[in-house]
Amino acid sequence: VSTTPIAVPKFGSYQKVQIDSIDCGGKPEAVVISNNGNSQQDMTGWSITDEGLKHTFSFPDGFVLGAGMSVEVMSGGAGDNTQSIIYWKKQPVWNNDGDTATILDSKGNIVAELNCP
């Protein structure tokens, strides 16, 4: 599991939203997104993509990531969505040999990226 973001956001309130970690080989796989800011972030229209845009996860309408909170976006498994865990799809998404997770805001701007080790 890698814990160092490769790109740091540079604009607005988004600069506190980041990818904390990505587990590409787990079952299920998990991408942990955190809001390290002092205010909540409405994630409506935001997405997570893999390298080459083969897979795209769109946050549910109305999903809000609270200040100081994190959410795990899971793939390769199934379960009930909660405020801290969202299930993307039952199939694995991330390549175990170096995929890149990218968060895009509602306008398509890159907010953060993290390589899968």
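This is a predicted model: local features need pLDDT of at least 70, side-chain atom pairs count only at pLDDT 80 or more; totals for chains, interfaces and linings use all residues.

Residues are numbered from 1 along each chain as its sequence is written, and side-chain values use heavy atoms, with hydrogens and water left out. Strand names follow DSSP runs numbered from the N terminus, where a strand (E) has at least two residues and a helix (H or I) at least four.

**The open sheet**

- Four strands make up an open sheet in the order E1-E2-E7-E8, and their pairing is mixed; two strands are taken to pair if DSSP finds at least two bridges between them.
- E1 and E8 are the edge strands of this sheet, since each pairs on one side only, and the twist from one strand to the next averages 20°, with axes drawn as lines fitted to C-alpha atoms (for helices over the stretch in contact) and angles running from 0 to 180 degrees between N-to-C directions.
- The pairing of E7 with E8 is parallel and extends over four bridges, and Glu72 stands opposite Ile85 in E8.

**The nonpolar core**

- The largest nonpolar core has 25 residues, of which Ile19, Ile22, Ile33, Ile48, Phe59, Trp94 and Ile103 touch the most other members; such a core is a set of buried Ala, Val, Leu, Ile, Met, Phe, Trp, Tyr and Cys residues joined through side-chain atoms within 4.5 Å.
- Two or more residues of this core come from each of E1, E2, strand E7 (70–75), strand E8 (85–89), strand E9 (100–104) and E10.
- Phe59, when residues up to four places away in sequence are not counted, touches Ile33, Met43, Trp46, Ser47, Ile48, Val71, Val73 and Ile86, where contact means heavy atoms within 4.5 Å.

**Aromatic rings**

- There are four aromatic pairs, counted when the ring centres of Phe, Tyr and Trp (its six-membered ring) lie within 6.5 Å, with planes under 30 degrees apart called stacked, over 60 edge-to-face and the rest tilted.
- Phe57 and Trp88 form a tilted pair, at 5.6 Å centre to centre and with 55° between the planes; because Phe57 lies in strand E5 (residues 56–58) and Trp88 in strand E8, this pair ties together parts that are 31 residues apart in sequence.
- Trp88 also pairs with Trp94 in an edge-to-face arrangement, at 5.9 Å centre to centre and with 75° between the planes.
- Phe57, with a relative accessible area of 6%, is buried, as are Trp88 at 14% and Trp94 at 4%; buried means under 20% relative accessible area, exposed over 50% and partly exposed in between (1.4 Å probe, protein chains only).
- A cluster linked by ring pairs takes in Phe57, Phe59, Phe63, Trp88 and Trp94.

**Strand E9 and its partners**

- Five of the five residues of E9 are buried, so this strand is largely enclosed by the rest of the structure; Thr100, Thr102 and Leu104 point one way from E9, while Ala101 and Ile103 point the other way.
- Strand E4 (residues 47–49) pairs with E9 in the antiparallel sense over three bridges, and Thr102 in E9 is the bridge partner of Thr49.
- E9 and E10 run antiparallel and are joined by five bridges, with Leu104 opposite Ile110 in E10.
- These two strands, E9 and E10, form a hairpin with five residues between them, and Gly108 in the turn has a positive phi of about 90°.

**Links between loops and segments**

- One disulfide is counted, the term being used for a pair of cysteine sulfur atoms within 2.5 Å, and the bond joins Cys24 to Cys116 with an S to S distance of 0.9 Å in the model.
- Because Cys24 lies in the loop between strand E1 (17–23) and strand E2 (29–35) and Cys116 in the segment after strand E10 (110–115), the pair ties together parts that are 92 residues apart in sequence.
- Cys24 is buried at 6% relative accessibility, and Cys116 is buried at 3%.
- Pro28 is found in the loop between E1 and E2, and a cis peptide bond with omega of about 5° joins Lys27 to Pro28.
- Gly77, in the loop between E7 and E8, is buried at 17% relative accessible area, and the C-alpha atoms of Gly77 and Pro28 are separated by 5.0 Å although the two residues are 49 residues apart along the chain.
- Apart from neighbours within four places in sequence, Gly77 is in contact with Pro28, Tyr87, Lys89 and Lys90.
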